[in-house]
Amino acid sequence: MKLYVKKSRILFYYCLGFCLFGCFNSYSQFKFESLTTTDGLSQGMVFDMLQDKEGFIWIATKDALNRYDGYEFKVFTNDPFNNSSLSYNTVVRLFEDSKGRIWAGTENSGLNIYDKKKGVFHRLVNSVTNANSISGNNIRAIEELSDGRMLIATVGNGLNIITLPDDFFTNNTSPVIAKFKMPHNTEVYGIGKDKNDRIFIGGMDGSVFEFNDQKISFNPIVNGKLYNNGYLDEDGSVMINSNLFLDDGKKIIPLFDTDKMPEGNILFRPNSSLWELHHRELYFYDITRWEKNKLTNWNEVLPIIKTTRIIYPFIIDKSGILWTGTVGYGLRKYQTIENKFKTLAKGNSIRLIKPLSDNEIFCVDFGYPWMKLKGDKIVDEDVFKKIHVSQIDNIIISKTNEFYIKSDNKGYFRYKPATNEILALNRINVHQTFGKKQPFIEDNYGCIWFPGLDGQITLLNTQTEKLDSFTINQDGSKLICTALFEDKGDIFWVGTESGFAKVKINRNNVFSSEVIWFYNNPNNRNSLIYNHITSFLDDPNEPDKYLWISTKGGGINRLDKISGDFLHISFKDGLPDNVVYGLLTDKAGNIWGSTNKGIFCLMIQKNKGNIDFSFRNFTKKEGLQDDEFNTGAYAKLPNGHLAFGGVNGLNIFDPADVLQNGFIPNVYFTKILVGNNVVSPNDKTGVLNETIEYAKSITLNHLQDILTLEFSSLDFTNPGQNKYRYQLEGIDKEWIQSDTRRTATYLHLPDGKYVFRVQGSNSQGVWNEKSTELNIIVLPPWWATWWAYLAYILMIGFVARTYIYYRLNKTKMESQLILEQNEAKRIKELDSIKTQLYTNITHEFRTPLTVIMGMVQQIKSAPKEHFDNGMDMIERNGKNLLNLVNEMLDLSKLEAGKMELHLVAGDIIQFLRYIVESFHSMAESQGKQLHYLASLDNLHTKYDAEKLRQIFQTFYQMP
């Protein structure tokens with residue numbers, strides 16, 4: 001944004017400067033937060049700072065480069081045995097280019113270019129033996145040209161334009177370096193770039209040039225001057241950095257990205273000449289006073305004149321936090337965001353707040369004088385000094401604008417401020433409790449409720465001045481009223497240190513009013529969780545159904561007025577503290593409360609029939625008077641603003657303004673531990689190939705069974721209030737609400753693939769709904785891998801095959817043995833049959849042969865007498881022998897398996913009956929009985945008649 005010197009622009013200057021100046025004024029009243037070597041910073045001398053596009057803050061110190069994530073410093077140092085480490089520990093310049101690479105210039109060892117993914121540095125140093133090296137090792141300034149090349153200024157050795165090849169990180173390819181000097185060998189003071197990408201270079205002699213990077217030429221800016229960007233703080237601190245303004249005589253142009261860094265409220269230049277230790281001298285000018293064609297009066301009196309302190313360098317991060325370096329004292333962190341919590345009556349411990357209007361408030365601390373606040377100031381430190389009533393403990397301003405006052409030593413009074421008239425209410429004083437801080441209220445019927453001794457309550461009708469009284473005491477116990485409330489249903493709730501009572505008032509007979517008590521019952525988890533009551537509040541969305549109760553040690557409870565059950569919300573649910581002093585509601589239906597650890601906003605949302613609760617918590621770091629608040633010090637102003645009082649004043653704020661979403665940070669993994677040891681890229685664990693911030697996945701083996709992931713939400717406003725939730729898909733069924741704990745540990749994960757998701761909030765409790773994810777692969781042990789299972793299957797198959805072959809061979813051998821045994825037995829039986837058969841056949845052969853031989857002898861002895869008969873006998877016995885021979889041949893064929901059947905078709909039943917009958921005579925001659933019985937009358941089939949006859953004959957002849 002250009003700052004033109006027209007009147008309209010001057011007015012803009014004035015407004016801008018006034019706002020920025022006012023912003024710093026309002027915040028300078030709070031002490032800055034220091035981060036030093038005790039917090040992990042490597043060294044206290046800070047030379048340069050930047051916030052990268054991810055949100056991490058980088059700090060260049062005299063001893064190492066640091067990266068801050070809001071909780072810890074990661075320190076990068078030189079390792080003489082590692083060429084991928086920082087080349088030198090004194091880092092003087094930092095720059096992040098358009099590709100996200102961090103350039104770190106050192107004091108005498110050149111440039112380091114940090115690869116965020118691999119976590120290594122690539123060095124560019126001057127070398128007398130390398131013509132393509134940079135011109136010098138002491139780096140003064142770094143800037144990026146419009147085409148991505150880098151312009152580097154060195155101390156005493158001119159300028160360089162460096163072109164990095166695309167594979168510079170992957171293959172460490174050499175860059176192309178062009179070297180040149182400014183006109184007249186002028187030493188470079190600073191480099192800047194305007195919004196049109198024009199490059200301007202200033203020399204130590206005060207000269208200013210516009211640089212043409214294509215022609216490597218310098219165009220002098222006549223009467224041009226360079227000024228540093230700076231802020232003047234209320235305490236006299238002048239904060240400056242290396243960002244420059246160009247004054248060309250017509251306009252003032254910021255030579256830096258004003259979207260990342262706002263213009264300051266002052267211009268800064270050194271005393272006489274530009275030189276490297278410019279921040280040791282002090283000349284600055286209020287930019288709102290600059291006019292066209294008018295010399296800058298560097299000696300004019302600025303709005304604040306105090307002992308001045310130079311603070312260099314500084315940056316403003318994405319959330320609006322201002323960070324400054326120091327000369328040996330580390331970092332300072334200033335809250336520069338506009339304070340949305342207005343603090344009044346500082347230095348007083350406020351215990352009661354009574355608003356008269358939006359702009360007029362009465363309040364009192366633990367002393368008795370009441371203060372009157374008007375606007376932002378205390379306009380009366382002792383409001384009631386005129387009425388001569390001391391020790392005023394409590395007041396109430398009625399609908400008639402009359403004050404009802406309770407004095408600890410004189411009782412109750414009614415005071416009319418218009419006439420300064422005061423009237424003692426003696427009839428109420430009978431039941432007064434001296435020294436007891438009991439509240440009182442005015443109900444919807446115009447009656448003032450005055451709690452008294454041990455549960456006694458007196459009602460004063462402000463119209464009729466009628467007094468009624470009743471008691472909530474049902475057992476004679478000592479009771480002190482701690483809270484009074486009338487809900488929208490005209491039901492009264494009276495809190496004590498021993499529970500609370502519900503009162504249905506009977507206007508006709510107050511003494512007979514119905515009183516129902518609620519208190520903690522250890523045997524009923526749906527009962528009140530804590531008995532000491534501090535306040536009541538109707539539910540802003542369902543007042544007829546729910547009542548909210550705050551307690552002094554049990555958080556907050558929600559009473560279901562119908563069922564009588566209580567819902568408990570405590571510290572573990574997101575409440576900042578279990579001691580809650582007061583509850584108020586805003587126009588949006590949110591519930592606000594004060595505690596010993598700041599204030600909270602409970603937001604209630606209905607989600608598909610369910611009610612979701614979420615908290616946004618605020619502490620002193622967000623601008624509250626302090627973290628600790630007081631009992632009874634809460635009030636809602638007529639305009640909807642809320643007021644809470646604490647130990648250092650009271651805060652008044654617009655809830656809608658406070659709840660506006662601020663900076664929503666990114667969430668990054670910052671550390672991974674395996675077996676409680678930190679893992680680095682490409683170390684011996686093999687878990688990471690890239691830095692954990694940029695890794696998409698990790699791989700664990702079965703021995704790496706303790707995994708811890710650390711993450712950070714990069715909102716630096718109040719990191720202790722940043723909250724987290726995470727889920728490991730496959731293990732966690734729901735999101736784990738870890739509150740402010742930013743680590744997650746898993747033990748003995750089964751092998752498989754998982755996705756770890758984490759979400760973070762800023763310090764106000766606004767969540768970044770986008771999850772940061774990390775894929776986790778857990779490898780199985782070698783005995784449970786796929787190739788191991790394949791080997792198991794092959795082994796089982798081999799064993800099964802071997803066993804099957806064994807069983808088959810054994811069965812085959814057993815079968816073969818049985819077969820052989822059966823064959824031997826069959827052969828033996830066959831041999832026996834053969835022997836018997838041969839014996840029988842021998843006898844069969846012998847008989848016909850004997851007959852034949854006998855007949856031959858007879859024929860020889862008497863041929864004529866025996867020839868005919870003998871020949872018949874010889875023929876008949878020869879045929880018998882032939883049949884016997886055929887039977888023996890059939891037996892041979894049977895053994896050889898070559899016997900053929902001569903089948904005929906017929907009734908086999910009738911054939912067998914015929915054969916049997918032919919043997920009847922033989923059987924009878926042998927004294928045997930032969931019968932043939934068949935189950936069938938006939939059976940037509942094919943059969944060999946001769947074979948059947950032989951078989952039958954053989955069986956018949958067998959003994």
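I216 is found in the loop between β16 (208–212) and β17 (217–220). Phi of I216 is near 50°, which is a positive value in a residue other than glycine. With a relative accessible area of 33%, I216 is partly exposed.

A positive phi also occurs at A345, where the angle is near 55° and the residue is again other than glycine. The loop that holds A345 runs between β27 (342–344) and β28 (350–355). Is A345 buried or exposed? Its relative accessible area is 7%, and the cut-off for a buried residue is under 20%, so A345 counts as buried. A further backbone feature concerns the peptide bond from Y312 to P313, which is cis, with omega near -10°. P313 belongs to the loop between β23 (309–311) and β24 (314–316).

The protein has 959 residues, of which 48% are buried. Among contacts with a separation of 6 or more, 53% are between residues 24 or more positions apart. The accessible surface comes to about 48800 Å², and carbon and sulfur atoms account for 52% of this area.

The largest nonpolar core contains 44 residues, and the members that touch the most others are W58, I59, L65, Y68, L94, W323 and L331. Strand β3 (residues 57–61) supplies the largest share of this core, namely four residues. What surrounds W58, once its neighbours within four places in sequence are left aside? The contacts of W58 include L65, F76, L94, I102 and Y114. Also among them are D48, D52, N66 and R67, together with M49 and L50.

The next element to consider is an open sheet. Five strands form this sheet in the order β57-β63-β62-β59-β60, with mixed pairing. Its edge strands, β57 (697–700) and β60 (736–739), each pair on one side only. From one strand to the next, the twist averages 25°. In general, the strands of a sheet pair through backbone hydrogen bonds, in either a parallel or an antiparallel manner. Strand β62 (residues 752–760) and strand β63 (residues 772–778) run antiparallel and are joined by seven bridges. Within this pairing, G752 has V778 in β63 as its bridge partner.

It remains to consider the confidence of the prediction. The mean pLDDT of the protein is 86, and 90% of the residues reach 70 or more.

Note on methods: Residues are numbered from 1 along each chain as its sequence is written. This is a predicted model: local features need pLDDT of at least 70, side-chain atom pairs count only at pLDDT 80 or more; totals for chains, interfaces and linings use all residues. Side-chain values use heavy atoms; hydrogens and water are left out. Buried means under 20% relative accessible area, exposed over 50%, partly exposed in between (1.4 Å probe, protein chains only). Contact means heavy atoms within 4.5 Å. Accessible areas come from the Shrake-Rupley method with a 1.4 Å probe; for residues, only the protein chains shown count as cover. A nonpolar core is a set of buried Ala, Val, Leu, Ile, Met, Phe, Trp, Tyr and Cys residues joined through side-chain atoms within 4.5 Å. Helices (H or I, at least four residues) and strands (E, at least two) are DSSP runs, numbered from the N terminus. Two strands pair if DSSP finds at least two bridges between them. Axes are lines fitted to C-alpha atoms, for helices over the stretch in contact, and angles run from 0 to 180 degrees between N-to-C directions. pLDDT is the predictor's confidence in each residue, from 0 to 100.
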